[in-house]
Amino acid sequence: MPPQPPRPVPDFLYGTAWKEDRTPALTELALRVGFRAIDTANQRRHYFEEGVGQGLAAAYRAGVVTRDDLFLQTKFTYQPGQDHRLPYDPTALLSVQVAQSIASSLEHLTTDHVDSYVLHGPSSNQDWTDADAEVWQAMRKERDAARTRLLGVSNVSLRHLQQMAAARAELPAFVQNRCYARLGWDRAVRSFCREHKIVYQGFSLLTANQEVLHHPLIASLAASANATPAQVVFSFARSIGILPLTGTTNAQHMKQDLASRDVKLPPEAVQAIESVAD
Ligand SMILES: NC(=O)c1ccc[n+]([C@@H]2O[C@H](COP(=O)([O-])OP(=O)(O)OC[C@H]3O[C@@H](n4cnc5c(N)ncnc54)[C@H](OP(=O)(O)O)[C@@H]3O)[C@@H](O)[C@H]2O)c1
């Protein structure tokens with residue numbers, strides 16, 4: 001099957017990392033507050049994917065949403081990124097590990113497909129390796145079998161993406177990266193993404209950029225937009241083409257994060273924030 005054209009992609013992702021026993025309740029709460037896109041991973045060390053499934057089930061039962069209303073994203077994580085709770089047989093071929101991991105994700109999330117399946121991180125910080133090529137091929141096979149609509153890669157450098165392109169690998173629909181203001185908000189990777197029509201998902205927009213959150217520029221923009229500094233950062237992110245993630249555990253922050261979609265910043269403010277930490 002040829003690559004599927006990108007369908008409408010959500011404008012905010014609710015992230016479920018580090019929530020442990022609170023995962024079901026927080027996932028359900030995020031849906032009740034209005035999030036329609038959920039990010040998780042089959043990596044028990046940092047995520048409780050089965051708990052996400054429990055939260056979805058509770059929201060379905062209560063009539064808050066249906067599966068069709070949602071964008072569900074999960075990830076394949078190599079063994080070094082996992083603890084002992086593996087969703088696959090570590091002695092199996094990588095391609096088999098991918099098949100086992102996604103089958104387990106679909107079970108956790110009680111669905112026959114996810115909307116996006118992401119390689120959590122390449123096997124090397126330096127290069128796009130043969131192992132990555134094998135995993136990517138296996139992920140494409142899952143996409144072709146309709147167990148995911150779209151594919152993504154996470155924690156990648158410009159070099160990884162350039163090597164994928166040089167190897168004539170199919171490029172991802174999504175890149176998901178930690179977004180540091182001091183690196184021009186991941187400017188080089190974002191620019192590659194723009195050029196290749198890849199949607200850039202940014203995480204740790206708040207936690208990785210505390211100095212920006214407390215910067216006088218943000219404070220004054222927040223005051224004039226009648227918004228919070230966090231809302232200014234999310235609004236800015238969207239203005240430069242970043243699809244933001246939030247992992248908030250607080251109902252008020254969930255509402256504020258979604259309301260940041262209505263915070264409009266003037267172009268000169270967007271430009272100033274883009275280079276605030278350069
Ligand atoms: N691919 C990867 O390797 C990777 C790595 C890390 C994260 N992620 C994904 O990205 C998601 C989000 O992670 P993250 O690092 O961006 O967020 P996060 O670590 O979950 O933290 C968000 C922080 O910002 C605060 N916050 C959120 N909204 C706020 C608001 N409106 N005002 C003030 N504070 C606010 C939260 O506090 P409160 O809880 O008090 O609101 C929390 O301390 C994760 O859950 C995961 O799904 C992926």
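Tutor: Keep in mind that this is a predicted model. Let's start with threonine 246, which sits in strand 8 (residues 242-246).

Student: Is threonine 246 buried or exposed?

Tutor: Buried means under 20% relative accessible area. Threonine 246 has 7% relative accessibility, so it counts as buried.

Student: Which residues does threonine 246 touch?

Tutor: Leaving out residues up to four places away in sequence, threonine 246 touches Phe12, Leu13, Tyr14, Gly15, Phe35, Phe234 and Asp257. A polar atom of its side chain also lies 3.2 Å from the backbone nitrogen of threonine 248.

Student: Some of those names may come back. Which residues are closest to the ligand?

Tutor: Asp39, Ser204, Thr248, His253 and Asp257 are the closest, among 26 residues that surround the ligand. For polar contacts, look for pairs of N or O atoms within 3.5 Å. Aspartate 39 has a polar side-chain atom 2.6 Å from a ligand oxygen, and the side chain of threonine 249 puts an N or O atom 2.7 Å from a ligand oxygen. Glycine 15 uses a backbone N or O atom, 3.3 Å from an oxygen of the ligand.

Student: How much of the ligand does the protein bury?

Tutor: Taken alone, the ligand exposes 920 Å², and the protein buries 80% of that.

Student: Now helix 3. What span should its 15 residues have?

Tutor: At 1.5 Å a residue, helix 3 (residues 94-108) should span 21 Å, and its end C-alpha atoms are 21 Å apart, which agrees. Its buried residues include Leu94, Val98, Ile102 and Leu106, and their cover includes helix 2, strand 3, strand 4 and helix 4.

Definitions and conventions
Residues are numbered from 1 along each chain as its sequence is written. This is a predicted model: local features need pLDDT of at least 70, side-chain atom pairs count only at pLDDT 80 or more; totals for chains, interfaces and linings use all residues. Side-chain values use heavy atoms; hydrogens and water are left out. Helices (H or I, at least four residues) and strands (E, at least two) are DSSP runs, numbered from the N terminus. The expected span of a helix is 1.5 Å times one less than its number of residues. Buried means under 20% relative accessible area, exposed over 50%, partly exposed in between (1.4 Å probe, protein chains only). Contact means heavy atoms within 4.5 Å. A polar contact is a pair of N or O atoms within 3.5 Å; within protein, one must be able to donate a hydrogen and the other to accept it, and residues adjacent in sequence count only if both atoms are side-chain atoms. A residue is near a molecule or strand if one of its heavy atoms lies within 4 Å of it. Accessible areas come from the Shrake-Rupley method with a 1.4 Å probe; for residues, only the protein chains shown count as cover.
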